[in-house]
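Me: I'm new to this one. Could you show it to me and let me ask about the wording?

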Amino acid sequence: MATETFYYDNKIVRNFAIATAIWGIVGMLVGIIIAIKLFAPNFLGFIPELSYGRLRPLHTNAVVFAFAGNAIFLGVYYSLQRLCKSRMWSDTLSKLNFWGWQAIIVSAALTLPLGFTQSKEYAELEWPIAIAIAVVWVIFGVNMMMTIYKRRVKHMYVAIWFYIATFITVAVLHIVNNLVLPVDMLKSYSMFAGVQDALVQWWYGHNAVAFFLTTPFLGFMYYFIPKAANRPIFSYRLSIVHFWALIFIYIWAGPHHLLYTALPGWAQSLGVVFSVMLIAPSWGGMINGLFTLRGAWDRVRQDPVLKFLVVGVTAYGMATFEGPMMSFKSVNAITHYTDYVISHVHTAALAWNGGLTFAMLYFIIPRIFGTKLHSLKLANFHFWAATMGMVIYVIPIYWGGITQSLMWKEFTADGTLMYPNFMETVTHLIPMYIARTLGGTLYFTGVLVGSYNLFMTMKQGSLIADEKAEAQVAVAESAARKESTFHRWLESKPTLFTILTTVAILIGGIVEYVPTALISSNVPTIASVQPYTPLELEGRDIYIAEGCVGCHSQMIRPFRSETERYGEYSKAGEFVYDRPFLWGSKRTGPDLHRVGGKYPDSWHYMHFMNPYSTSPGSIMPAYPWFAERTTNVDRIPAKIRTLQRLGVPYAEGFDQDAIAHYERQAREIAEGLAGSGFNVEWNSQMVAMIAYMQRLGTDINASPEGRAHAIPLRDDAQAASATASQD
């Protein structure tokens, strides 16, 4: 049979490999900085843009989208060409994919420390950057799909299935979760509010982990383990079950992040059921990967590629067992909002994503540079530094998370909280935070050594930019033999395969979200809950910009320990004007949902200026710039108009009076602070933040008519409020 000669594009692979290593170093360095801030809160505290709240989303975006994102493109661009026996469809699209993605990363690195954020986990970037992400992702998808269409191998290998699912699902998740209405180029408000926003965010957030940090790396597992071990995949049939069960079930599991919250109970239950079901396909994939090494385990001792792959796949199995266990309500009641979740995430991130990424780099770089690895000893050092660093990181934080939860829930024999001062539960964890930093630093040291080793490997070789390859001439479909099974036939139909994949991932999202969005009884309204005043709205936006949600929740769960500590548990109807929702994922500090009216304005002023003055032992950083920086009141009318378009019932024309309303409320707070000896301008960020703090959680017992700073509502909203009050 005739053969064709063609050339693989290794230049784009080299570019993504370099970007992966560089951004990995940057992202992990930021991680070490914020880890230090948890026991030394004033570290770099003189620079507002480097505060913990602003750096935390920078760290997550750097390691998820910069490090792992570039690793995804690295693995796909290398393996897809070889699986399809075809060069990527368009060199131009490959370059646009690379430079577009790097531009997005740089824009994230600039905007997040400056406080421009949507405040959604893994989706913090504001709308212009979110659009750019969608465009570059589509460029990548088009390039990938067209390469699949022009493949010289009729059969689509299992890794390609996972690549297709990744492209389709990430696109759907990203677009839906980033539906916002812009105020200007740097500010927007979510199209969803409260409970709906929480459900959409964690449908996205959980499945960003599933389809950005899991499915593409499973594709790499299916490609690189057989290649490195020189063994066929253990079970083709198991791979079929693994793929279809995983992508169908995963999409349902998001609500397990919202157990015991204001989310409707039926949605929580669905999340639990499908999370537990996830164990089966996940462990099926792990077994398929590890069993492929049968007869090749002796090579694991010597080959750093196989070492990283084995530890990575093992960590995947551990994390995908632990995740479903944490979705049981009884377990979730202990682990949620604690540092236990941080260890769970980092077990997977450091060992699974990090392990497979470095395995790919050690496999690919010598081959595309036509040389051998510079130093096997340095590679082994990297492996052990990474493995031991991960262990030293996660074990103290697992321990700390359980300690944290038990201290929160402990009661005395008299029925009072054993540790009523939240600070006591924080100071006990400081030794664990120090140990975590040491483990993270060891892991980071391994990354530096590994990057040096890879650089020297490149230096001693020469890039084979266009690697020559040969393959048989593609056989026309009509001339191909009839496939023996339905799935074999399906693998020759990329369009149909993609359509079925799309259907599989859409079902769960539609079933969970549509009832919550359309049936008003799922989110009962509360007559006393009113929209934020302009000043409170500005304070909330500052709270968002500073990343306060990274340490404080605004969701009191219906546990005795929480209602004793914080007050009445949170109701769904209290969040109908929250865009975005701010329920939080972790408590480094106490819950704030009932903090309104708990302390005088002067206490909040002192707390922001020097947290230690009001809370000895606090690890909260100081925010002295709140008293120095002023708000841009000229943006207030545009914010009000944007929220009106989203359905917030401010009265017609209120945007024209919004600044005056803002000033009246602000001057009252500023005058009260002056009476306590604290002089601050009425238009300072401090005043806005205090106004927001004093509003939190007060609506549930407030009278709409008795508000000190009532805002005018639309006539229909006032009538509805009055009717609800009478009912």
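This is a predicted model: local features need pLDDT of at least 70, side-chain atom pairs count only at pLDDT 80 or more; totals for chains, interfaces and linings use all residues.

Me: Why is H20 called roughly perpendicular to H25?
Reply: Helix H20 (residues 534-545) and helix H25 (residues 636-645) pack at about 90°, with axes 11 Å apart. Roughly perpendicular covers 65 to 115 degrees, so H20 counts as roughly perpendicular to H25.

Me: What makes the contact between H20 and H25?
Reply: Contact means heavy atoms within 4.5 Å. Pro-534, Leu-537, Glu-538 and Asp-541 of H20 meet Ile-636, Lys-639, Ile-640 and Leu-643 of H25.

Me: How do the axes of H8 and H10 cross?
Reply: Helix H8 (residues 236-250) and helix H10 (residues 279-291) have axes that come within 8 Å and cross at roughly 145°. The contact of H8 with H10 divides into six nonpolar, six polar and no charged residues.

Me: What makes a set of residues a nonpolar core?
Reply: The residues must be buried Ala, Val, Leu, Ile, Met, Phe, Trp, Tyr or Cys, joined through side-chain atoms within 4.5 Å; buried means under 20% relative accessible area (1.4 Å probe, protein chains only). The largest such core has 165 residues, with Trp-101 and Trp-583 making the most contacts inside it. Helix H2 (residues 52-84) gives the largest share, 18 residues.

Key:
Residues are numbered from 1 along each chain as its sequence is written. Side-chain values use heavy atoms; hydrogens and water are left out. Axes are lines fitted to C-alpha atoms, for helices over the stretch in contact, and angles run from 0 to 180 degrees between N-to-C directions. Helices (H or I, at least four residues) and strands (E, at least two) are DSSP runs, numbered from the N terminus. Angles under 35 degrees count as roughly parallel, over 145 as roughly antiparallel, 65 to 115 as roughly perpendicular and the rest as oblique. Ala, Val, Leu, Ile, Met, Phe, Trp, Tyr, Cys and Pro count as nonpolar, Asp, Glu, Lys and Arg as charged, and the others, Gly among them, as polar. Buried means under 20% relative accessible area, exposed over 50%, partly exposed in between (1.4 Å probe, protein chains only).
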